[in-house]
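These are my notebook entries on a few places I looked up, written down in the order in which I went through them.

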Amino acid sequence: MCGIVGYTGGKSVVDILIDGLRQLEYRGYDSSGVAVKCGEDIKVYKAEGKLENLCKVLSPYKDELKTATCGIGHIRWATHGAPTVLNAHPHTCTCGRLALVHNGIIENYKEIREKLEKEGCTFRSQTDTEVAAHLVAKKYAQTKDLTEAVRLATKELEGAYALCVMHNDYKNTIVATKRNAPLLVGVGDGEFFAASDVPAIIKYTNRAMYLNDNEIVTLTPEKMVLINSDGKEIPQKIETLPWEPVALSKRGYKHFMLKEIHEQPDVIRNILVGKLHAPDEPIVLNEVKLNKDTLKNLNRIQIIACGTSLHAAMVGKYLIENFCGIAVDVEASSEYIYRKTVTDSHTLVIGVSQSGETADTLTAIRQAKEKGSHALIITNRPDSAMARLADSLIPVNAGIEVSVAATKSYTAQLMAFYLLALYMAEVKNSVDKSTLTSLKSELMLLPQKVERILAHTENIQKCARAYASTKDFIYIARGINFPTALEGALKLKEISYINATGYPAGELKHGPIAMLDETMPVLSILMRGCVYEKLLSNSEEAKARNARMIALTNSDDEKLDDLFDYIIRVPEVQELFSPVIAMVPLQLLAYYIAEFLGKDVDQPRNLAKSVTVE
Ligand code: M6R
């Protein structure tokens, strides 16, 4: 959450900062701001809301700022203090000679603020960040050295931060550092960039250095100097990023979310490439280091994730227990990290994260590793901090996901779990060969089935229009599709702000059924298989309470016509693979409802794509 950029070199800095911030908008869009070195001064410009507001603020100063070649920028997802101009970054010290941008949370900001206020600092915002600006300025007054000032100040900060700092006394210098928040330095020709993430710099350079915690880098157009927390210069580890400059285009779709939903057949094909050649051949997971002995040594698996990734993890539990007979627990990372967990070297810990940056999941994986567990990471970002913690890795190769609501990355995560569960079953010999072959054939058919759903969305659009005015929505399912109900409800909540909830259908009569009446839509995810008849009975119970019944089904059973007001049909699929097929219409339903309501589909209110604070 929050994105930072910095630049020093020969080019006009404002364009580079705005361009970088645009690529980081997925990290927040509550406010934005830049600070640029203009002659002797640092000038700061800020705006509330989306980046386009900052562009408007900057517009009258275009000519004046053209020659500026050093600056820092920030895009905010508000944690401390409302999303106002006053709380927008960059923040400055009392005299305004130092500017600083920050991603993270400074946990001991109250104590520091009290102390600094007593010493005469004037605070202007309600943010935790402002203390860092004043603290670095204080250390600078003592040392007259910006790098040393940053080093000394960060020793007093607790929590998570990536910081970029500039000072009036320095013509074209940026000092940057980080702890528990991402930051990388892009290395160009006579220029350097600092950024929270690759998309902000990849247009300019593919040579970069990821900063480790507590390292401090000083950038000028001529050189960069890297030091550790003791102030000792250390070697730089510049790498070539495996990224092409990507044109983040909607390719004719109205929103990135719709484009990403339509990319799912290719996403499924991509993840299978090199891993599943033919149904009768073994699955190849080159970066998974789990052999027969390691698997024998395991007595449990814990899957840890947040949000949509948590729902993929729940499907993963079902698959691994079903195919491999190993007990699996699924935990929300934010709960896992604040209790005594029974985790040890006999536990396989699987972290699932689109971004590979989610703070709670990162902490959970670190804790599990400290207890001796093998960490297997499933992520869309093999260059992320989480991937760097991995003992085993499954990159899901879904491509950049721009829309804040995850769609294609979810499908890719499901695919990763199919591959992993079948791989483990092969290593453990827990499923017979002919069953494995038929499961793998079915897996390979999924892209065509998703294509068939995407080719005919009219019915889903019609359903969206019919239910768009509802205030509440209930999704029910059982077994392997209970996570589908949760994810379907999450999609609708996120982008339409309708109060949607997913329930295991058997639980309805233990409470939620009290909410049902003729105003409540109940969507039943009715896939043929072991719980089909049970779910049908639960749907009858809901119908008996006059709920507005919708079925998402692969059944052509005629009795459904009487039971349901609306039916969305999907292609025939084995129950075990139905979460992939069932999710696509639910993504579309959420999309069309939000679009019909005129919501900001790609950037829903209050959300950020990467949640890098606890
Ligand atoms: O990057 P991660 O997969 O770790 O992110 C986890 C959640 O923040 C994320 O899935 C979130 O719930 C999305 N907005 C879902 O659409």
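Entry on helix α1. I began with helix α1, residues 13-23, in what is a predicted model, and I asked how many of its residues are buried. I found that eight of the 11 are, so the helix is largely enclosed by the rest of the structure. The buried ones I wrote down are V13, V14, I16, L17, I18, D19, G20 and L21. I then looked up what these buried residues pack against, and my list holds the strands β1 (3-8), β2 (31-38), β4 (70-76) and β10 (192-195) together with the helices α2 (51-58) and α3 (62-65).

Entry on the nonpolar cores. I turned next to the largest nonpolar core, which has 99 residues, and noted that those with the most contacts inside it are I301, I320, F323, I350, L443, F473 and Y475. Helix α14, residues 408-428, gives this core its largest share, with 15 residues. Apart from it I noted another core, of 32 residues, and V5, L51, A195 and I201 are among them. I went back to F473 for its partners, and, with neighbours within four places in sequence left aside, I recorded contacts with Y467, L492, I498, N499, A500, T501, M520, P521, L523, I550, L589 and I593.

Entry on S392 and strand β19. Is S392 buried or exposed? I read a relative accessible area of 1% for S392, which makes it buried because the cut-off for that class is under 20%. S392 belongs to strand β19, residues 392-395, from which S392 and I394 point one way while L393 and P395 point the other way, all of them being buried. Strand β18, residues 374-379, runs parallel to β19 and is joined to it by four bridges, and I marked I378 as standing opposite I394. For S392 I listed contacts beyond four places in sequence, and these are with H374, A375, L376 and I377 as well as with E287, V288 and K289.

Entry on the second largest pocket. I noted a volume of about 550 Å³ for this pocket, and that 28 residues line it, the closest to its centre being C306, G307, T308, K609 and V611. Which elements give two or more residues to the lining? I wrote down α10 (307-324), β17 (347-353), α12 (359-370) and α17 (482-496), with α10 giving the largest share, four residues. Sorting the lining by class, I have 13 nonpolar, 11 polar and four charged residues.

Methods. Residues numbered from 1 in each chain as written. Predicted model: local features only at pLDDT ≥ 70, side-chain atom pairs only at ≥ 80, totals over all residues. Heavy atoms only, no water. Buried < 20%, exposed > 50% of the residue type's maximum accessible area, 1.4 Å probe, protein only. Contact = heavy atoms within 4.5 Å. Core = buried A, V, L, I, M, F, W, Y, C linked by side-chain atoms within 4.5 Å. Pairing = 2+ DSSP bridges. 1 Å grid on protein atoms, 1.4 Å probe; cavity = no way out; pocket = protein on both sides within 12 Å on 5 of 7 lines; lining within 4 Å. Points joined across faces, edges and corners; volume = space filled by probe spheres on them. Nonpolar A, V, L, I, M, F, W, Y, C, P; charged D, E, K, R; others polar.
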